[in-house]
Amino acid sequence: MSNLISVITPEVVANSMNYAQYRELIDQLLVENKTTGEDHSERMLDFTRLNIQRMKRWDKTAKISEEAVHLVKLIDRKQIWLVITEGWCGDAAQIVPYFEKLASYTDGIEVRYILRDQNLAVMDEYLTNGGRSIPKLIALDAEDLEEMFEWGPRPKELQEMILDHKRDPKGVSSEEFKKKIHLWYAKDKNKALEQEIVALLS
């Protein structure tokens, strides 16, 4: 991306959070009946509560294949994985614990988090079909912040399901469809996500 350097600056990275800080921020905001971003409605708080449970569950149960572990251990040039996210985002809660678990097998990857709505200049360089869909992972060379690859906002199979639903809901309500999405994540257990990340690392 030609103007990448001007968008993901050293300041953006310096102001980003590690996973512990990101989780602590979400927990602390919820104590104050808030979530990340500007919308603190009961609906968004409910999403956030659910997401805290999802992340806790994946923190414990996320599995990494031997192939993926082998690949990250081969990394010889340090990378920063910058993740654009929000505490209320259900897809992010299903996905970011996998990034953390994978990165834990190597010193070559540092995962950092920025909030979408506080970093719209960055977000708007990584739109999906014109929308600010999250999470987005941007892998950067740690030395010069040059982009190595990007991924997101969700595994391709699920993205196709969502686009199909938008084109023709077939009578399935938005709430029903959200349940279907999270059931997909529970059954898939990050396998589709891992295949895509492994392909990018290869």
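How many cavities of 30 Å³ or more does the count come to? The count comes to one, a cavity being a set of points on a 1 Å grid over the protein atoms alone where a 1.4 Å probe fits but cannot get out. The structure is a predicted model, in which local features need pLDDT of at least 70 and side-chain atom pairs count only at pLDDT 80 or more, while totals for chains, interfaces and linings use all residues. Residues are numbered from 1 along each chain as its sequence is written, and side-chain values use heavy atoms, with hydrogens and water left out.

Helices here are DSSP runs of H or I with at least four residues, and strands are runs of E with at least two, numbered from the N terminus.

Helix α6 also holds Asp91. Asp91 is buried, with a relative accessible area of 10%; buried means under 20%, exposed over 50%, and partly exposed in between, with a 1.4 Å probe and protein chains only. The side chain of Asp91 makes a polar contact of 2.5 Å with that of Tyr185, a polar contact being a pair of N or O atoms within 3.5 Å, one able to donate a hydrogen and the other to accept it, where residues adjacent in sequence count only if both atoms are side-chain atoms.

Side chains of opposite charge can pair when their charged atoms come close. The model has 12 salt bridges, each a side-chain nitrogen of Lys or Arg within 4 Å of a carboxyl oxygen of Asp or Glu. One of them joins Glu143 to Arg77, with the closest N and O atoms 3.9 Å apart. Glu143 lies in the loop between β3 (136–141) and β4 (147–151) and Arg77 in the loop between α5 (66–73) and β1 (79–85), so the pair ties together parts 66 residues apart in sequence. Glu143 is exposed at 68% relative accessible area, and Arg77 is partly exposed at 40%.

Lys136 and Glu150 form another salt bridge, at 3.4 Å from N to O. This pair links strand β3, which holds Lys136, with strand β4, which holds Glu150, 14 residues apart. Lys136 is buried, with a relative accessible area of 4%, whereas Glu150 is partly exposed at 30%.

Note on methods. On a 1 Å grid over the protein atoms alone, a cavity is a set of points where a 1.4 Å probe fits but cannot get out, and a pocket is an open set with protein on both sides within 12 Å along at least five of seven lines; lining residues have an atom within 4 Å of a point. Grid points are joined across faces, edges and corners, and a volume is the space filled by probe spheres set on the points.
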